[in-house]
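Work through the exercises below with the model open. Try each task before reading its solution.

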Amino acid sequence: MKTWLKALPKAELHLHIEGTLEPELMFELAARNGVTLPYASIDEVRAAYEFSNLQSFLDLYYQGMAVLHTEQDFFELAMAYFDRAHADGVVHVELSFDPQPHLLRGLEPSVPFEGLERAMREAEQRYDISSALIMSFVRDRSAEEAMTVLEQTRAWHHRLAAIGLDSAELGNPPEKFAAVFERARELGIPRLAHAGEEGPATYISGAMDALGVCRIDHGVRCLEDPALVERLKSEQMPLTVCPLSNVYLKVVERLENHPLPGLLEQGLKVTLNSDDPAYFGGGMLNNFIACHDAFGWDQATFRQLARNALEEAFMNDERRSRLL
Ligand code: HPA
Ligand code: ZN
């Protein structure tokens, strides 16, 4: 089954590129850029990856990404990820990045954009992996700052597949960003948001109503509201579910208790994704294998999950029909 799952052409729709930073590269970039890390060794970094909730992960995630200083750093980060994604049988990746922490450290917007895009072009040539770029706003920072960043990055908007909304969910409901997402709609940019990971089901309906999203990242808490489940089903709203992430961040205690089988039984449009593979026990293939081990799904189920992702991907139709 592992060989079959590896060969299955997979599209990853929910991936934070800063969450692909492995400790080895973190140390290399820290040395290159003169950044002091609060760890003595790579093993110590890995040992620190014990999370009690989303916030405890975010603290390390923002600390880790501070080693990224140059276009070349972003290029190497993304290329290292594409190498692993190719080995996992991934054929399409939608990588999101958080511009705010990088801009706040003094980087120009061109640094992440140009570095990531060079890697995306290289991945296409080297591996025939297609990709799309998503710019995510940090929801525990102000809506005004997000609006400023949206305007400040106008020169790159034509290269964005979508904007997203991530980071600390509880206490930062989607409505906080209604004006920013309305502005993105006026500018013709598709919109996504994390919702219903740690936040309640009302954040999922809020993201649909106040932000006009075409996809929900996570969404696993929707089962708490049967009317919302009906709506998600009738609209076939895609949910980019991240099984191992939900275990590592204690959204569920064990994968066997994950609502995934229930989401599928309800006829929801579910996809499987890795979220932050360097922090949460591996990439796409590990997530697929973990689901096989936990739920005993057959090939038809995995084929449907992979198909859902290809159908919902920001990808040209000629490539989509070739892959489907
Ligand atoms: N949730 C919210 N924000 C994030 C995550 C996540 O899992 N990963 C990176 N930013
Ligand atoms: Zn995420």
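**Exercise 1.** Locate Asp275 and decide whether Asp275 is buried or exposed.

*Solution.* Start with the elements: Asp275 sits in the loop between strand E8 (269-272) and helix H14 (284-295). Helices (H or I, at least four residues) and strands (E, at least two) are DSSP runs, numbered from the N terminus. This is a predicted model: local features need pLDDT of at least 70, side-chain atom pairs count only at pLDDT 80 or more, and totals for chains, interfaces and linings use all residues. Residues are numbered from 1 along each chain as its sequence is written, while chains are lettered from A and ligands numbered from 1 in the order in which they are written.

Next, count neighbours. Asp275 has 28 other C-beta atoms within 10 Å, so Asp275 is buried (20 or more is buried, 12 or fewer exposed, in between partly exposed; C-beta atoms are placed from the backbone).

**Exercise 2.** Which residues does His16 touch, not counting residues up to four places away in sequence?

*Solution.* Then list its contacts (C-beta atoms, placed from the backbone, within 7 Å): Ser96, Asp275 and Asp276. His16 is buried, with 26 other C-beta atoms within 10 Å.

**Exercise 3.** Why do the residues of the "binding site" annotation gather at one spot?

*Solution.* The unreviewed UniProt entry lists His14, His16, His194 and Asp275. They span 262 residues in sequence, yet no two of their C-alpha atoms are more than 11.8 Å apart, so they gather at one spot. UniProt positions follow the numbering used here, feature names are shortened, and annotations may be inferred rather than shown by experiment.

Key:
Contact = placed C-beta atoms within 7 Å.
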